[in-house]
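Trainee: Could you take me through a close look at a single buried spot in this model, and then show me how the rest fits around that spot?

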Amino acid sequence: MTVAVEESPVKKSYKWVGTRPVRHDGLEKVNGKARFAADMTKPRMIHGHVLRSPLAHAKILSVDTTEAESMPGVKAVVTAADFPPPSKNEGFPHRSSNLIAREKVRYEGQVVAAVAATTRRQAKAAAAKIAVKYEELPHVLTVDEAMADGAPLLHENLITKGLDTTPKQASNIAKRDYFEQGDLEAGFAEADVVYEHEFTTKVVHQGYIEPHACVADTSKDGRSEIWCSSQGHFMVRSATAEMLGWETSQLKVIPAEIGGGFGGKTTIYLEPLAVKLSQKANRPVKIVMRREDVFKATGPTPGTKIRVKIGARKDGTLTAGKAWLAYESGAFPGSWGMLGGWCVFAPYDIPNVQIESFEVVVNKPVNIAYRAPSAPMAAFATETVIDQIAREIKMDPIELRLLNAVEEGDYNHSSMVGTFQRIGLKETLEAIRDHPNYKIPLGPNQGRGVATGFWFNIAQSSSATVNLTENGRAVVVTGSPDIGGSRVSMALMAAEELGIDVKFIQPVVGDTEAVGFTDVTEGSRTTFATGMAVVRACRELVTQLRERAAIMWDCSVEDVEWVDGKAHHSGNKESPLSLAEITAKAKKTGGPLNATGSLEAKGQGPAFSTQICDLEVDPETGKATILRYTTAQDAGTAIHPSYVEGQMQGGVAQGIGWALNEEYIHDKKGVMQNPGFLDYRIPVASDLPMIETVIVEVPNPKHPYGVRGVGEVGIVPPIPAIANAIHDATGLRLRDLPMSPVRVLEGLNQQNGVG
Amino acid sequence: MRYVRPGTVDEAVSLLNSEPESCVFAGATDLVPQMQGGRPEPKLMIDLKGIPRLVKVSYSNGQLVVGAATPVSIVKVDDNLKAAFPGLSESSGLIGSDQIQNRASLGGNLCTASPGADTIPSLMVNSARVVIASSGGTRTIPVSDVVTGPGSVSLKSNEFVVEFILDAPPKRTADAYLRFIPRTEMDIAVVGAAARLTLDDADCCTEALVAIGAAAPTVVRAPVAENALRGNPINDETLAEVMAAASAVCSPISDKRGTKEYRRQVAGVLAKRVVLQAAKRAKEKGGAV
C-alpha cells in the first residue's frame, strides 16, 4: 500500500498539530516511575564491571584472568579472545574495533576485559586482579601533534584516503576531503576586505545525564534479550550481532527510557560485553557505567583546528571563501572533518570556494555524533570572520548575512544537499532583525553578538504500526526512542489524520520484535521521517475505515468521504459514522483495524537558526555572564511547539557551555583530569537566562505537515554569537575555546598592557 | 567495613581508639567521592551526626558555639550567626548544592583540608577556635593551626573536632566572603577571599583580618593587606595596597580549575571586593550584637 503523503499540500491551520498537550509520558518522567536502563532488574541478575586501560597508548603484552576468576562471587570473565575480530567492513565509527582492545590500547579508558560477579563490589574487586602487561607507547593528543612529521602512529597501516597521490607511508591522517567551486584567486582579487584567521576548539562531551547501562539475559538456546537506552534499538541489535558474530534473530532489544543522548547514544559500548558475560555465567548481567567511564570512553565530539579566509566587497557581497579544517576523530577514523567542510560556508551564497578538510586520529576516545556534529566548530570560524567583515565595512551583521544568505534554488557547498529547496534562513534573519531584543540598549562592559547556523537534517528509514481499539481509540507504535517529545508529536499527527482527541491516542515505543525496522534517532529525523510513517499508516487506516463504513451502509467505497474524523455518505443518505462507531462494529465488517506505514524517507529540509547573545564581561575577573539570549529557528511546522522550543533552548544551553567552559583536560600522559561534572563544567540552571525562542515556520514542501528537523541546529550559532558578543563588550577577538574567564582575563591584560 | 553511630563524644573517642583503620565523618560529602575515587576504605566508619553536642548552634557568654557536624544548611540560615558573622553564613551557603549543604559541615570542610574550602577563610578572619577531643580529654586551638597542607591536618589519628567557638564581634565589625567560580553554583573555588573589618566612628579601619583561599597549599592570611587597612580609611589608595598585598601572598598552582597567574590576579580583586563589602556591613551594623 503506498500513499503519496509526500505530495500533500501543506495546510495553514490544524486542529491538533501546533497545540501543546501534556506529553503522554510526562507524569511518569516527573514522578520517577519511568524506567531507564539502570532501573531494570531481573531474578538471578549479577553485575558486570569493565576493566579499562589506564594508559593513553600501549601495546598489550598479556592479559591474565586466572586470579580474577577465582575471586569471591565471580561468575564470568571476558577478554578480547571471547569476541570475533572486527569485521573488515565495520565502517564508521569503528564500533567493533572500539568494543574491546585487541593488540593495543589507543586511549585511556578503552575496554580491556570485563567481569561479572554476584555484587558490583565483587566484580570491581575481581577486575582489579586481572593482570595486564602493557608496553607503553608515545601518544598524540591534538591534531598538531598527530599531523606532525614523525608523530607516533595509532595505526601502523593507516594510509590517508582522498589525496591526489596515495601516500606510501602510514600516518595519523585518515582522510582528506576537498571541494572547490569557481575561481578562488579571482574571488579574493575582487574583494575589498579579506580576513583570514585560525580557530581551535577542544573536545567536549554530549553530557547526557543518564550514563550508559544495559541488562542482557542470554538463554541456553543462544538467544539474548537486551534492555538498554539508546537512540535506536535496531542499531543496538545489528551492532551487537556484528560484534558477537551472531544473527540478528538471536537478539531482541527492548528500549528503556533514555535520559539524554544528543548523538552520543547512536552507537553501543556495553551490550556485547553484557551478552557474552551473561552467556558464560548463564545469568542476566547488568552493567552500568560510572560518570568517569562515560567521559573517558564514550562520546565525545572532536577537538579541531580550522582556518577560514573570507573576502567581501565594500557593499557586503561575499566574493570568496577558503577553509582548511582538521578534525580529531579519536582513536579510530571518522568523517567529522568532511561534515565540518560541508557546513563551513553552507549559509552563504559564495561564488568562489575552496574547502579542504582532514580527519586525524589521536589517543582519545572515539568521537561520535553530538548535536549537528562538526557544524558548531566550523560556524565558530566562519561567523566570527563574517562579524569582523561587517564591522570593517560598517554594515549591520544581520543585513550582511541577509545580503548573502542562501535561498531556494541556490547551490549548497555540501554534496549532501545539492540545490536548496524552500528554506527559511532569510526568515530567521528577518525575525532577529525585527525582534525587540535586537534593539535593547546595552550598558558598560556589555556586548551583543549575532550568528547564524546551518544543519542538514537527515531522513532515513522509519516504521509505524497504528492499531485501532474496539472502542475507537488508537495505539501508535513506532521504532523511534522518545528523546525529545516524539511520542506526543506522533500522537498529534495521528490525531490530525484520524480525527481522534490526542489524549485517546497511546503512543508506544516498540521493541525490535514489535514494530518494523527503524533507523537511529539522529539528524533531527524522527518527527520528520517517523512522523511520515505514522501519517502513512493513518491514511491507510482511513481507507479501511471508509471501506468498513461502505459495508455498514451497503454502498460503494467511492461514496464514503472521511471528514473531521467521521465517515460521511456523499449523497447525505446516512448519518455520519464516527471512528468509534465503525470500530465497534469491526467484528461484523471484517475484524480489527490496523495498518503499518514504513518508508525510506526523502525530502528532509535543512534547518537554520539565527541567534542574539547579550552578555556582560567582568573586566576584573574575565567572567562572561549571559544576560539575554534570543533564538529564531525555522521548524517548518512546529507539531508540538513546546518541544520545538525545548530543542531550541537545549541546543543554545549546550552551545553556551561549549563556548565558555567545557573542555577535556588531559595531563602529560594523556590521562583525563576532569572526568566528572564538578570540573567538566556544563552550565547549571542559574548560569542561563530564560532563552527566548521565535519559531519561524517555513513549511517543508516535502512533508505532509511541513516538518523539518529541529533538534540540532540550535547548537550551531552560540559559540560565534558569544565570541562576537565578547568582542562587542571588550574589543577582544577570541579564537580559541573555551572562552573561559582565564582566557578572557589574559586577553584583557594584553589589551591593557598588564602582565 | 563497619558503620557505627555513637551517641556521645566519649563513645566516639573509644571507638576511634578501638580500631587503627577507622575514620570519623559528618556528612561524608568528601569522603564518599574520595572512596569511589580509590581512597582505601577504612575498617570502621564512625558517624558523628548522632552526637547531640556536635549537631547544634548555641550562644553563651558572648560566644557562638557551632557543633562540628552541624549541617551547613543550618549554619547559613541561623539568624544570630547571620547577624554576627554574615561572611561565615555566606561561605556556608556556597558549599556544593542545597542537597550537599544538608549533609556537609564546618568540621568536615575544615578537616578535609582542601585549599579551596569555602568556610576556612571565614573562620580564620573571625579568629575561630576549635575544640578537639581525644582519649586524653579536650584541647582548644585556633582554626588556623589545624590545616598543615592540602588534605593534611595537625590532629592526631585518635582526635576529632567537636565544635567551633567564635567570640561575638566588637561593634562596627563585620565580615564578608567571596569566591570566584566560572559558573554560578555547584563548583569549587578557583580562588576565595574573606575579610573582617572593624571601623571607628570616622569610618577609619581599626582592625582588619584578610584571608585568601585556593591560592596556596593552605588558606593564608594576608598580613601586609591587613596592615595597609589598619589605621586607614577605606579609599582607593588603601584598596590598591590590599589588592597588591593579597596577590603577593599567594603561591598558587596551575591546574584544571585555573592558572597560577589568574589566581594571583583575581585574589587581589576578591580581596578588594570583600573589604568593601565588610566595610559597608560594618557601617550599617553599628553597635555590637
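Mentor: Start with A:Ala113, which is buried: 24 other C-beta atoms lie within 10 Å, and the cut-off for calling a residue buried is 20 or more. Keep in mind as we go that this is a predicted model. A:Ala113 is found in strand β5 of chain A, the stretch running over residues 111-117. Leaving out residues up to four places away in sequence, A:Ala113 touches A:Leu51, A:Val63, A:Thr65, A:Val77, A:Val78, A:Thr79 and A:Ile130. For a sense of scale, take A:Met690, 577 residues apart from A:Ala113 along the chain: 45 Å separate the two C-alpha atoms.

Now step back to chain A as a whole. Chain A has 20 helices and 26 strands. Its radius of gyration is 27 Å, close to the 27 Å that the globule rule gives for 755 residues, so chain A is as compact as a globular protein of that length. Along the principal axes, the C-alpha trace of chain A spans about 90 × 75 × 50 Å. Of the 755 residues in chain A, 58% are buried. Look at contacts in chain A with a separation of 6 or more, and 80% of them are between residues 24 or more positions apart.

Chain A is also divided into domains: domain 1 (5-34 + 459-601), domain 2 (41-137 + 206-297) and domain 3 (374-405 + 424-454 + 605-752). Let's look at domains 1 and 3 of chain A, whose centres, taken over C-alpha atoms, are 38 Å apart. Where these two meet, 21 residues of domain 1 of chain A are in contact with 23 residues of domain 3 of chain A. On the domain 1 side, α14 (486-498) and α15 (526-553) of chain A each supply at least two residues. Helix α15(A) gives the most to that side, with five residues. By class, the domain 1 side divides into nine nonpolar, nine polar and three charged residues.

Chain B comes next. Here 16 residues of chain B are in contact with 19 residues of chain A. Helix α11 of chain B (residues 260-285) gives the most to the chain B side, with five residues. That side of chain B has seven nonpolar, four polar and five charged residues.

In soluble globular proteins, nonpolar side chains tend to be buried together.

One last stop is helix α1 of chain B (residues 9-18), whose buried residues are B:Val9, B:Ala12, B:Val13 and B:Leu16. These four cover an arc of only 100° around the axis, which puts them on the same side of α1(B). On the other side of α1(B), B:Asp10 and B:Ser18 are exposed. The buried residues of α1(B) are covered by parts of chain B that include β2 (22-25), β3 (44-47), β6 (129-134) and β10 (160-167).

Terms used: Residues are numbered from 1 along each chain as its sequence is written. Chains are lettered from A and ligands numbered from 1 in the order in which they are written. This is a predicted model: local features need pLDDT of at least 70, side-chain atom pairs count only at pLDDT 80 or more; totals for chains, interfaces and linings use all residues. The radius of gyration is taken over C-alpha atoms; the globule rule is 2.2 Å times the number of residues to the power 0.38. A residue is buried if 20 or more other C-beta atoms lie within 10 Å of its own, exposed if 12 or fewer, and partly exposed in between; C-beta atoms are placed from the backbone. Two residues are in contact if their C-beta atoms, placed from the backbone, lie within 7 Å. The arc is that of the directions from the helix axis to the C-beta atoms. Ala, Val, Leu, Ile, Met, Phe, Trp, Tyr, Cys and Pro count as nonpolar, Asp, Glu, Lys and Arg as charged, and the others, Gly among them, as polar. Domain bounds come from an automatic or database domain assignment.
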